[in-house]
Structure formats: C-alpha cells, structure tokens
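Dear colleague,

Here is the structure I promised to pass on, together with some notes on its helices. Please keep the sequence open beside the coordinates as you read.

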Amino acid sequence: MSRRNMELGRMMEVISFILLLPLPFLPFFKGEAYLLPSFLIPFFLSMAISMVIALTGLNFKSISATVTFIWLYGFLLLSFPFFLSGNASFIGALFESISGLTTTGLSILDVDNLPKTLHLYRAMLQYIGGLGFVMMILLFFKGREEAQLYEAEGHMDRVKPSIRKTAKTITLLYLAFLVLGIFEYRIVGMSLLDSCIHAMCSLSTGGFSSRASSIGAYNSLGVEIITSQLMILGTFDFSLLLTLFSGRIRDFFHSTEIKTFFSLLLTLSGIMALILIAKGYGFSSTFRVTLFNALSALSTTGFSTLDYRTLPEEAIFILIMLMIVGGGMGSTAGGIKLERFNIIFKSTLKSIREKTSPPGSVIVDKMVKGRESFIIDDRDRNDAFSYFSLYLIFLVFGTIVLSVTEDCPILYALFEYTSSLSTVGLSIGVTNSMTSPISLSVMMAAMVMGRLEMMVIFQALFSHRR
C-alpha cells in the first residue's frame with residue numbers, strides 16, 4: 001500500500017464528512033428530518049469506497065490528476081442530497097453540486113420552495129468550494145507533496161513559511177470574515193439563516209441565495225453595502241488582504257491588481273450607468289444599481305438586484321466583459337483573473353511602444369504586489385496569452401452550442417456561458433428547471449474548467465506523457 005494511495009483515501013474521507021455538516025441544524029428546521037437519509041446514505045457509501053481506495057490503491061502519476069480526481073469525486077458525491085431528497089433529477093443535482101463547489105451560483109432548483117436544510121447545504125458547498133478541497137484537506141493531515149497539491153488547485157498566496165500554516169491562517173481569516181458578515185447582516189434585519197447563507201456565498205464569490213430574485217428581493221441599501229464589502233474581500237488573494245489588515249494600506253492600494261480592479265469597476269459601471277440614463281432609466285437609482293451589479297460581475301459572485309433581460313444590449317455586453325476579466329489570482333473569484341488581464345494589457349502596450357519608440361529603447365513592464373514588484377517576462381506573457389486563447393476558444397464553442405440547444409439569442413447564450421466559464425452565476429434566464437441536459441452538461445464542463453483552470457485539467461489528462 002503506497003503512501004499516496006493512503007492519502008487519496010483519506011482525502012476522500014475528508015470530503016465525505018462535508019455531507020454531515022448540515023445535520024446538526026436539522027432539529028431547528030421543523031419537518032425536515034426526512035432529509036436525513038439523503039445525507040447519510042452517500043456518506044456511508046463514500047466512507048466504504050474511501051477505505052477500499054486506501055487499502056487496494058488508486059494511483060495517479062501527477063499531482064494535477066490527483067487534484068482533478070478529488071474535485072470530480074466531490075462533485076459527484078455531494079450532489080446526492082439534492083437527488084435523493086427528490087428536489088432535482090440526477091443531472092440537475094450534479095449541476096447544483098458543481099455550481100456550488102465551483103462557486104458559480106447558477107441554479108435549476110425551485111429556490112423559494114427549497115427546504116432550509118438544503119439552502120444551508122448549498123451555502124456550505126460554496127463556502128468550502130471557495131477555500132478549496134486541498135486547502136481544507138491540508139488542515140487535517142500533512143502530505144508528502146502538500147506544496148504541489150496546494151499550487152495545483154490554483155492557490156498562489158503563501159502567507160506563512162509552511163503550506164500547512166498558510167492553510168490555517170487563511171481558514172481563520174476566512175472564518176473571521178464569515179462571522180463579521182453574519183453579524184452585519186443581522187444588524188440590518190436579515191434572519192439568522194439568511195445571514196449565514198449570504199455571508200458564506202458572498203465571501204466565496206458564489207452567489208447562491210435563499211431568494212429567487214437574489215439580493216434584489218431585500219431592496220435594501222444596507223444589505224447591498226454589506227454584500228459588496230464581502231464580495232470585495234473574496235475577490236483578492238489572502239496575501240493582499242493580510243497586507244491591508246496588517247496596516248500597510250498604502251502597499252495594498254499600490255498593488256497592480258487593486259488599481260486595475262477599482263479602475264475597471266468604476267469606469268465600466270460609470271459607462272453602464274450613462275447608457276441606462278440615455279435609454280431613459282431613472283437617474284437617482286441607476287448608479288447604485290450599476291455599481292452593485294458591475295461589482296458582482298467583476299468579482300464573479302453572481303448576486304443581482306435586477307432582471308438583466310430588461311437591460312439594453314450595450315449594458316449586457318459590459319457585464320460580459322467584466323465577467324471575463326474576473327478577480328484576483330489565487331482568490332475565490334473566477335474569470336481570466338486580473339493578473340493575466342494586466343499582463344496581456346501591458347504586453348500589448350509594450351508591443352506598440354516598441355514599434356513607435358526610437359531604436360535601442362529599453363521598455364520594461366512591471367507589476368506590483370504589496371511591497372514586492374516583478375518584471376513581466378516572456379514566460380508570463382506566454383502563459384497569459386495561452387490561457388486567454390483557450391478561454392476564447394471554449395467561450396465561442398460553448399456560446400454557439402448553448403444558443404442552438406436553448407434556441408436563445410446569441411447575446412443571451414454568450415452571457416450565460418461566460419457566467420459559467422468564469423464561475424460567476426449571473427443569469428439572463430437561460431438556466432432554469434427546463435434547461436436541456438445537453439446545455440447543463442456544457443455549462444457544467446465550463447464551470448469545472450473555470451474553477452480548476454484549464455491547464456490543470458490538461459495536465460491531468462496528459463499526465464502519462466510527463
């Protein structure tokens with residue numbers, strides 16, 4: 001029995017225990033005891049499978065393959081409560097599980113009539129998905145290749161000398177933000193259950209809500225301000241957040257990602273507001289509406305305060321652009337990420353300047369993160385452009401498929417598929433209980449690629465060549 005087999009079995013056991021997390025709250029939700037088997041049956045089945053894996057062995061040649069397997073196993077296992085409870089078909093339950101764990105937030109469930117236990121479970125999936133399976137697993141045992149596992153899942157920030165201490169620090173910070181969010185929501189009058197759900201789903205930039213009309217159901221400026229604060233906290237990696245909370249405010253705002261994030265947010269939300277005003281929308285509430293929804297798109301959270309089908313096409317396209325860019329590298333957010341966007345943008349400008357500058361001119365591009373700065377080299381450029389090229393290929397293909405299978409306008413298909421591929425969760429009405437299995441499958445594949453990042457999946461698929 002190899003050590004890696006033993007670790008893989010233990011990883012699967014840790015994921016199995018996620019099924020037990022909502023059960024202590026069952027006594028507080030009247031009439032929902034019938035849901036108990038929906039969680040316990042897959043739990044005991046998974047524990048048995050985990051023991052078999054640990055004893056007989058299932059080995060992978062690469063860390064990428066291990067991480068991909070763990071996520072795929074989690075998607076499947078944690079979908080069973082939705083299916084066994086009778087609230088979704090198998091494909092619908094899998095869609096809900098993947099949407100939750102990838103922190104996307106698209107849903108096919110009847111949210112207004114969903115049991116409270118499943119509401120809480122969905123929020124827990126997003127909260128855990130935001131941290132990541134590997135991050136959570138590292139809290140429980142120390143593996144031989146923990147650094148490689150950590151990085152393969154997309155975590156770039158190491159805030160302590162060891163990976164395990166980093167995982168503990170990030171988890172404690174994440175929990176502190178959660179408590180803060182719940183407390184703030186309670187102050188503005190939200191129920192305790194709704195406060196927990198929205199705090200977990202804001203921090204994880206997930207976007208699941210206990211209301212069908214999302215944050216817009218509350219029609220509360222206070223709720224929108226608190227949600228915006230939590231979305232912003234979830235958008236940046238934890239090393240930057242520690243820079244801010246350690247009192248190095250100047251270093252925080254001097255970082256390239258922070259400057260880019262707020263520049264894009266304010267500029268594009270302002271343009272969007274002007275478009276709406278020009279189309280006859282009321283002036284007083286337009287800036288509030290556009291700023292919140294633009295932030296939700298850029299942070300890839302997916303909370304909304306309006307029906308996007310009522311927006312002019314120009315405004316919809318701005319939201320699509322924001323969703324494509326996404327949040328910070330190593331954060332819970334999706335999209336191509338601000339760092340890649342910066343590299344692509346700066347490299348394009350560098351190319352223009354080189355062609356228009358006097359011969360012999362030396363042009364160097366830099367990026368700043370906290371007190372550190374680094375020069376953008378050819379490898380950085382190749383990685384950024386390669387990822388963006390793959391993103392565009394999948395975006396075009398998925399949009400066409402979605403437009404055909406759902407017989408919807410191409411702009412609507414582009415919006416919905418971008419929301420899936422960037423793990424955002426904003427919907428223009430294409431995703432619902434009547435969405436075809438083919439469309440759901442295409443969007444599920446997009447969510448997985450967006451959360452794990454395409455290169456990790458390709459490394460896993462072709463690990464036999466490495």
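The crossing of helix 18 and helix 20 is left-handed in this predicted model. The axes of helix 18 (residues 378-406) and helix 20 (residues 437-452) come within 9 Å, crossing at roughly 165°, and because an angle over 145 degrees counts as roughly antiparallel, helix 18 is described as roughly antiparallel to helix 20. On the side of helix 18, the contact is made by Tyr387, Phe394, Gly398, Val401, Leu402, Thr405 and Glu406, while helix 20 contributes Ile438, Ser439, Val442, Met443 and Met449.

As for the length of helix 17, its 19 residues should span 27 Å at 1.5 Å a residue, and the C-alpha atoms at its ends are 27 Å apart, so the two values agree.

The last point concerns serine 296, which lies in helix 15 (residues 283-298). Serine 296 has a relative accessibility of 0% and therefore counts as buried, the cut-off being under 20%. If its neighbours within four places in sequence are left aside, serine 296 is in contact with Met231, Thr301, Gly302, Phe303, Val424 and Leu426.

Notes. Residues numbered from 1 in each chain as written. Predicted model: local features only at pLDDT ≥ 70, side-chain atom pairs only at ≥ 80, totals over all residues. Heavy atoms only, no water. Axes fitted to C-alpha atoms, helices over the stretch in contact; angles between N-to-C directions. Helix = DSSP H or I, 4+ residues; strand = E, 2+ residues; numbered from the N terminus. Parallel < 35°, antiparallel > 145°, perpendicular 65-115°, else oblique. Left-handed = near helix turned anticlockwise from the far one by under 90°. Contact = heavy atoms within 4.5 Å. Buried < 20%, exposed > 50% of the residue type's maximum accessible area, 1.4 Å probe, protein only. Expected span 1.5 Å × (residues − 1).
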